[in-house]
Amino acid sequence: VVPNKPIRYLVNTHAHFDHSGGARAFAAEGITIVTHDMNKPYFEKVYRNPHRINPDSLARSNRSAVIEGMGDKRVLTDGTQTLELYHIRGNLHNDGLLMAYLPKEKMIVQADAFHPRPGAPPYPSPPQFTVNLVENIQRLKLDVAQVLHIHGGVDPFAAIATAAGRQASAR
């Protein structure tokens, strides 16, 4: 997509298979994997395991995966674009869940921290994952206009806040 601009990092939101599958191929290319500190020991162990029956690209590369852990916040930038990574505290889906924030675009990118999608049947109370996501956005005082869902779709933050039973203002 962007010629002559190498991929330097792969951000892993959490260790579940549908968010970590394929990451070994990036590690085989020497790309650093960034994940929460809680996930790092798991990935280090899994990536050290031999793949002898059906060696994948990492096993064939003779490289060791480079995995960097992060705590509550990490900022990646190329001088033009900034990507802020945040730990979503108190999330019941995964203790080491990360979200990404693009400040220029006022956009959050999240995986599995929002449920259900707006327009889903009414529930007796707001879903805990959604409440937790909104509380973290508000705690961090992020100026969010849109939320991009890794499993599909983009919604205005106001719709997410409403689903959580909260006010739309993130600030």
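**Backbone angles and pockets**

Analyst: Lys-141 lies in the loop between helix H5 (128-139) and strand E8 (146-149). Helices (H or I, at least four residues) and strands (E, at least two) are DSSP runs, numbered from the N terminus. This is a predicted model, in which local features need pLDDT of at least 70 and side-chain atom pairs count only at pLDDT 80 or more, while totals for chains, interfaces and linings use all residues. Residues are numbered from 1 along each chain as its sequence is written, and side-chain values use heavy atoms, with hydrogens and water left out.

User: What is the phi of Lys-141?

Analyst: Most residues other than glycine have a negative phi. In Lys-141, phi is positive, near 55°. Lys-141 is exposed, with a relative accessible area of 60%; buried means under 20% relative accessible area, exposed over 50%, and partly exposed in between (1.4 Å probe, protein chains only).

User: Where does Asn-4 lie, and is Asn-4 buried or exposed?

Analyst: Asn-4 lies in the segment before E1. Its relative accessibility is 82%, so Asn-4 counts as exposed. Asn-4 is not a glycine, yet has a positive phi of about 60°.

User: How is a pocket found, and what is the volume of the largest pocket?

Analyst: Rolling a probe the size of a water molecule over the atoms shows where empty space is left. On a 1 Å grid over the protein atoms alone, a cavity is a set of points where a 1.4 Å probe fits but cannot get out, and a pocket is an open set with protein on both sides within 12 Å along at least five of seven lines; lining residues have an atom within 4 Å of a point. Grid points are joined across faces, edges and corners, and a volume is the space filled by probe spheres set on the points. Here the largest pocket has a volume of about 940 Å³. It is lined by 23 residues, of which Ile-7, Tyr-9, Val-11, Leu-76 and Leu-83 are the closest to its centre.

User: Which element gives the largest share of that lining?

Analyst: E6 does, with four residues. Strands E1 (9-11), E4 (73-77), E5 (82-87) and E6 (98-102) each supply at least two.

User: What is the volume of the second largest pocket?

Analyst: About 230 Å³. Among its 14 lining residues, Tyr-47, Arg-48, Arg-63, Ser-64 and Ala-65 are the closest to the centre. Helix H3 (40-48) and helix H4 (57-61) each supply at least two lining residues, and H3 gives the largest share, three.
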